[in-house]
Amino acid sequence: MKSDTATDDRFIASALLLQSAHPGPKLYAATSDINLQTRLAAVGLPYVEGPAAT
């Protein structure tokens, strides 16, 4: 299965924009996608692992 990196990039960019607009509260992404988790960690966005897709 091919990862959709353009969608991941848009999600990460939106999360970074939201985080910069509201610096007080902590923003977490919830995902079980290991590739997205790696990309989130690379830009310093915390994540929580959601339930695995079946």
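Biologist: Which residue forms a salt bridge with aspartate 9?

Modeller: Keep in mind that this is a predicted model. Searching the whole structure turns up 1 salt bridge. In that pair, the closest N and O atoms sit 1.9 Å apart, and the partner of aspartate 9 is arginine 39.

Biologist: How many residues apart in sequence are the parts that this pair ties together?

Modeller: Aspartate 9 belongs to helix H1, which covers residues 5-21. Arginine 39 belongs to helix H2, residues 34-42, so the bridge links parts whose separation in sequence is 30 residues.

Biologist: Within what arc do the buried residues of H2 fall?

Modeller: The buried ones in H2 are Leu36, Gln37 and Leu40. Looking down the helix axis, they line one face of H2, because they all fall within an arc of 105°.

Biologist: And which exposed residues does the face turned away from the buried side of H2 carry?

Modeller: First, the buried side: its cover includes H1, strand E1 (29-30) and strand E2 (47-48). The face turned away from that side carries exposed residues, namely Ile34, Thr38 and Ala42.

Biologist: Which residue at the start of H2 has its backbone nitrogen reached by a side-chain oxygen of aspartate 33?

Modeller: The oxygen comes to within 2.9 Å of that nitrogen. The nitrogen belongs to asparagine 35.

Note on methods
Residues are numbered from 1 along each chain as its sequence is written. This is a predicted model: local features need pLDDT of at least 70, side-chain atom pairs count only at pLDDT 80 or more; totals for chains, interfaces and linings use all residues. Side-chain values use heavy atoms; hydrogens and water are left out. A salt bridge is a side-chain nitrogen of Lys or Arg within 4 Å of a carboxyl oxygen of Asp or Glu. Helices (H or I, at least four residues) and strands (E, at least two) are DSSP runs, numbered from the N terminus. Buried means under 20% relative accessible area, exposed over 50%, partly exposed in between (1.4 Å probe, protein chains only). The arc is that of the directions from the helix axis to the C-beta atoms. Contact means heavy atoms within 4.5 Å. A polar contact is a pair of N or O atoms within 3.5 Å; within protein, one must be able to donate a hydrogen and the other to accept it, and residues adjacent in sequence count only if both atoms are side-chain atoms.
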